[in-house]
Amino acid sequence: MRAVNQIICWPEEQAAPGRVGGVRVEPKNQALKITWGGEKTASYYKLFYKEKDAKQYTVISNITETNYYLAGLTNGVEYWIMVSAVNDYGEGAKSPEVAGTPLEIIVKVSNPPIIHELLTDGYIEVYSPGTIP
């Protein structure tokens, strides 16, 4: 009887990446910060966005990180976002749509300080309203 040594190798699966998950949208002033979970076989990602009632998405391609700062948007307008992963074998399914609305951040200070006088050493003397000596 003769012993035969064989090694059988199966090629690595050649398939498009899976669906991107965990898409989150954080509102910023005239922008949205978008993050998502990475897909291990992705070479890059595509980001799809549109205003809520628009018919077509704008596509940003070749994103190599798992986040994107989408600027130049209109505050108060709702945008819908999807992300897909791409590799040499194709494009994976798009993530579920998530919505985000850029917001202008306004900070109001109640009882702003009053500058009383400029001191000789370059400092200013500041008092709260109603406390000026």
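User: Where does Tyr68 lie in the chain?
Analyst: Tyr68 is part of strand E5. Please keep in mind throughout that this is a predicted model.

User: How far apart are the C-alpha atoms of Tyr68 and Leu32?
Analyst: Their C-alpha atoms are separated by 8.3 Å, although the two residues are 36 positions apart along the chain.

User: Which strand pairs with E5 there, and in what sense?
Analyst: Strand E2, which covers residues 31–35, pairs with E5 in the antiparallel sense, and 5 bridges connect the two.

User: Changing topic: how many helices and strands are in the chain?
Analyst: The chain has 0 helices and 10 strands. Read from the N terminus, the order of elements is β-β-β-β-β-β-β-β-β-β.

User: What about E3, which strands does it pair with?
Analyst: E3 pairs with E6 in the antiparallel sense over 8 bridges. E3 is also joined to E4 by 4 bridges, and these two strands run antiparallel as well.

User: How many residues separate E3 and E4?
Analyst: There are 6 residues between E3 and E4, and the two strands form a hairpin.

User: Which residues stand opposite each other in these pairings?
Analyst: On the E6 side, Tyr45 stands opposite Ala85. On the E4 side, Tyr49 stands opposite Thr58, and Phe48 has Val59 as its bridge partner.

User: Now the charged side chains. How many salt bridges are there?
Analyst: The count comes to 3 salt bridges.

User: What are the partners and the distance in the one with Glu26?
Analyst: The side chain of Glu26 meets that of Lys28 in a salt bridge, with 2.9 Å from N to O.

User: Are Glu26 and Lys28 buried, exposed or partly exposed?
Analyst: Glu26 is partly exposed at a relative accessible area of 36%. Lys28 is partly exposed too, at 25%.

User: Which residue forms a salt bridge with Glu91?
Analyst: The partner of Glu91 is Lys46, and their closest N and O atoms are 3.2 Å apart. This pair links distant parts of the chain, since Glu91 is in strand E7 (residues 90–91) and Lys46 is in strand E3 (residues 44–51), 45 residues apart. Glu91 counts as partly exposed, with a relative accessibility of 33%.

User: And which residue forms a salt bridge with Glu78?
Analyst: Glu78 forms one with Lys52, the closest N and O atoms being 3.8 Å apart. This pair also links distant parts of the chain, 26 residues apart: Glu78 is in the loop between strand E5 (67–71) and strand E6 (79–87), whereas Lys52 is in the loop between E3 and strand E4 (58–63). Glu78 is partly exposed, with a relative accessible area of 28%, and Lys52 is partly exposed at 40%.

User: Finally, the chain as a whole: what percentage of its residues is buried?
Analyst: Buried residues account for 22% of the 133 residues in the chain.

User: What share of contacts joins residues 24 or more positions apart?
Analyst: Such residues account for 56% of the contacts in the chain that have a separation of 6 or more.

Conventions
Residues numbered from 1 in each chain as written. Predicted model: local features only at pLDDT ≥ 70, side-chain atom pairs only at ≥ 80, totals over all residues. Heavy atoms only, no water. Salt bridge = Lys/Arg side-chain N within 4 Å of Asp/Glu carboxyl O. Buried < 20%, exposed > 50% of the residue type's maximum accessible area, 1.4 Å probe, protein only. Contact = heavy atoms within 4.5 Å. Pairing = 2+ DSSP bridges.
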